[in-house]
Amino acid sequence: MSTGLFTHESCYRHLTGPMSPESPERITAIEERLVASGLEGAFKRTQTNRQARQEDLLRAHDQEYVDHVISLIPHTEGELVHISEDTVVSEKSLEAALESAGCVLEAVDQVADGRLTNAFCCVRPPGHHAHHAKAEGFCIFNNVAIAALYARDVLKLKRIAVLDIDAHHGDGTEDILGGETGIEFFSLFEKDIFPYPSEDTEQANVHKSVLKAGDRGEAACEIIRSDWEPKLREFSPELIFISAGFDAHMSDTMSGLDFTDLDYAHITRIIDDIARNVCDEKIVSVLEGGYEPRSLSRAVVAHIRTLAHL
Ligand SMILES: [Zn+2]
C-alpha cells in the first residue's frame, strides 16, 4: 500500500487577485495542515514540473481555445486578465495550468503501472468547470478530463470512471467526457447553484445525482452506495478518478451543503472500498474546489488519511 502526493511549485504563482476565493492560500493551508497532522512521511511526495503537452490538451480541448488562452496570458508582473467572467489569469498562470494537468498525468502513470496504490494531486488551478472550448469557474484546462483521456488513449485502459464530489456540478467534465467510449462520469452536486446544470443527462455515460441545500454528508454517502456503487461494480473500471472538491463543507460559503471533516473521510472510505473490489484501489484524486482554507485543509487531510489507510 503506497499513496502518492503530487504537487507543483507554480501552484503558488498562479495569481488571481484579491477578489478571487481561488487563491494560493488554499494550497498553503493544505501544506501547513499536512505538516501539523504528522502525516508527512506516510505518503510518497512528488514535486513535479511535468507539463501537459499540446497533444495532451488537445484530447480534451479545442485547438482554438488553447491558442486563445495562451494569447490572453499577460506578460507583465501583477497584471490580471479575465478569460471568463470568473476565471482570472496572470503571468505564470499558463505554467501553473500546464503543471496542474502534468501532475495528474504523472500520478496516472505511477498508479496505472503499480508504483503507487493511489494518489492525491494537490494542484491549482482546478479543472472540472473547464469545457472543451471554454474557461469557467476558476478553471482553465480540465485536469481530470485530460488525464482520463490520456489513460484511455495512451495507456490503453479500457474502462475508466470519474467521480465528482465537488458541491458544484463538473459541467466542463460532462462537456468533454459525455459520449466518450470507455469512460463513465458520475457527479453529485447541489441543486440550483452554479453552474445551474440540468438534472437530466443527454449522454448515457453521464450520471448526475442532486443534493439540496442543507444536505449533510450522509446524503452523499447514500448516493454513492445506492446509485453509483452498483453501476461501478458492473462497469468494473480499471482506474477511478476523484474530482475532489471540498466546498460542500459546512464552513464553506460557496455551497449550502453541510458536510463535516468526518463526512469526507466516510465518502473517501466508501469510494476506496468500491475501488478495492474493482481495481485494486487504483484511485487518482485531484483537488477541485474548497475555498475556506481551514476547513479545506482539514477535509483534505481526512481524505488523504483515508486514501492511505492511516
Ligand atoms: Zn465547487
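This is a predicted model: local features need pLDDT of at least 70, side-chain atom pairs count only at pLDDT 80 or more; totals for chains, interfaces and linings use all residues.

**Helix packing and the sheet**

Residues are numbered from 1 along each chain as its sequence is written.

Helix 1 (residues 25-37) packs against helix 9 at an angle of about 50°, the axes being 8 Å apart (axes are lines fitted to C-alpha atoms, for helices over the stretch in contact, and angles run from 0 to 180 degrees between N-to-C directions). I therefore recorded helix 1 and helix 9 as oblique to each other (under 35 degrees is roughly parallel, over 145 roughly antiparallel, 65 to 115 roughly perpendicular, and the rest oblique). Helices (H or I, at least four residues) and strands (E, at least two) are DSSP runs, numbered from the N terminus.

I then looked up the residues that meet, and among them are Ala29, Ile30 and Arg33 of helix 1 and Leu296, Val300 and Val301 of helix 9 (contact requires C-beta atoms, placed from the backbone, within 7 Å).

Next I turned to helix 8 (residues 261-279), whose axis comes within 8 Å of that of helix 9 (residues 293-307) and crosses it at roughly 30°. Helix 8 and helix 9 are therefore roughly parallel to each other, and their crossing, too, is right-handed.

For the sheet, I read eight strands in the order 2-1-5-10-9-6-7-8, open and with parallel pairing (two strands pair if DSSP finds at least two bridges between them). Strand 2 (44-47) and strand 8 (206-211) are the edges, each pairing on one side only. Neighbouring strands are turned by 15° against each other on average, direction ignored. Helix 7 (residues 217-235) packs on this sheet, where it touches strand 6 (160-164), strand 7 (183-190) and strand 8, and its direction makes about 170° with that of strand 8.

Within the sheet I checked strand 5 (residues 118-121), which four bridges join to the parallel strand 10 (residues 283-287), and I found phenylalanine 120 bridged to serine 285.

Finally, I noted nine helices and ten strands for the chain, and a box of roughly 50 × 40 × 40 Å along the principal axes for its C-alpha atoms.

Methods: A crossing is left-handed if the near helix is turned anticlockwise from the far one by less than a right angle, and right-handed if clockwise. Two residues are in contact if their C-beta atoms, placed from the backbone, lie within 7 Å.
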